[in-house]
Amino acid sequence: MTDDIKKAGETGSAVHIAHHLASSDSFQNLFQEGMSLVEETAMYLDGNGREEAKQLPRPASLAYATESMRLTTRLMQLASWLLLQRAVNEGEMSREQAGSEKNKVRLDKLSTAAGGPTWNDLPETLRELVERSSRLQERVVHLDKMLYRKDAEQAEEATNDNPVASQIDKLHAAFGKFG
């Protein structure tokens with residue numbers, strides 16, 4: 001039994017598995033996968049991808065440009081999140097600092113042309129990179145929710161000692177102040 005689990009059992013507090021996962025070998029593997037995908041994508045877009053794009057008909061060429069921009073944007077956002085989490089794991093910044101900084105990172109799903117009329121006209125390598133980046137994004141979003149949603153909920157609970165005041169605040173937020 002780890003020391004954290006022993007302490008949690010003795011104090012009656014919950015063990016936050018997400019925090020252990022975020023600093024485990026699993027995170028290191030996720031980090032490596034993300035950074036490798038960034039590097040692989042950059043090499044492709046600057047090399048073979050550029051040549052393949054020149055051979056495409058106009059509609060597919062426009063789709064290629066759009067998808068490569070979406071792919072690059074998605075990977076830069078994912079790399080930013082992964083680097084923030086690694087900084088937390090290595091003690092370079094606190095989870096609170098990372099939480100504040102991560103608000104600048106957009107993890108929402110960027111749309112793709114997958115299934116669109118020109119998707120199958122795109123080079124196979126680009127389609128594969130887009131699909132891999134989307135799967136990586138899903139995993140990072142899931143981990144992010146596990147790590148930071150709980151913190152936001154706990155912070156809100158800590159500031160809402162009065163349940164009636166909490167409900168009134170929610171009503172004001174939803175409907176505004178009248179009078």
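Student: Is T118 buried or exposed?
Tutor: This is a predicted model, in which local features need pLDDT of at least 70 and side-chain atom pairs count only at pLDDT 80 or more, while totals for chains, interfaces and linings use all residues. Residues are numbered from 1 along each chain as its sequence is written, and side-chain values use heavy atoms, without hydrogens or water. Buried means under 20% relative accessible area, exposed means over 50%, and partly exposed lies in between (1.4 Å probe, protein chains only). T118 has a relative accessible area of 17%, so T118 is buried.

Student: Which residues does T118 touch, leaving out those up to four places away in sequence?
Tutor: T118 sits in the loop between α6 (95-102) and α7. A contact means heavy atoms within 4.5 Å. By that rule, the partners of T118 are P59, A60 and A63.

Student: How many helices and strands does the chain have?
Tutor: Helices (H or I, at least four residues) and strands (E, at least two) are DSSP runs, numbered from the N terminus. Along the sequence the pattern reads α-α-α-α-α-α-α-α. The totals are eight helices and zero strands.

Student: Which element has the lowest mean pLDDT?
Tutor: pLDDT is the predictor's confidence in each residue, from 0 to 100. The chain averages 79, and 70% of its residues reach 70 or more. Helix α4 (residues 48-54) has the highest mean among the elements, 96. At the other end, with a mean of 45, is helix α1 (residues 3-11).

Student: How many contacts does the stretch of residues 1-15 have beyond near neighbours in sequence?
Tutor: Over residues 1-15 the pLDDT is below 50. Beyond near neighbours, the number of contacts this stretch has in the model is eight.

Student: What is the geometry of the aromatic pair?
Tutor: Rings of Phe, Tyr and Trp (its six-membered ring) pair if their centres lie within 6.5 Å; planes under 30 degrees apart are stacked, over 60 edge-to-face, and the rest tilted. The structure holds one aromatic pair. F27 and F31 form it, at 6.2 Å centre to centre and 40 degrees between the planes, so the pair is tilted.

Student: Where do F27 and F31 lie?
Tutor: F27 is buried at 3% relative accessible area, and F31 is buried at 4%. They are four residues apart, about one turn of the helix. Both lie in helix α3 (residues 25-46).

Student: How many salt bridges are there?
Tutor: Side chains of opposite charge can pair when their charged atoms come close. The rule for a salt bridge is a side-chain nitrogen of Lys or Arg within 4 Å of a carboxyl oxygen of Asp or Glu. The count comes to seven.

Student: How many residues apart are E33 and R139?
Tutor: Their side chains meet in a salt bridge, 2.9 Å from N to O. E33 is in helix α3 and R139 in helix α7 (residues 124-159), and the pair links distant parts of the chain, with a separation of 106 residues.

Student: What is the sequence separation between R132 and E40?
Tutor: R132 forms a salt bridge with E40, with the closest N and O atoms 2.9 Å apart. R132 lies in helix α7 and E40 in helix α3, so the pair ties together parts of the chain. R132 is partly exposed at 24%, and E40 is partly exposed at 34%. The separation is 92 residues.

Student: Which residue forms a salt bridge with K104?
Tutor: K104 is exposed, at 61% relative accessible area. The N to O distance in the salt bridge is 3.2 Å. The partner, partly exposed at 32%, is E101.
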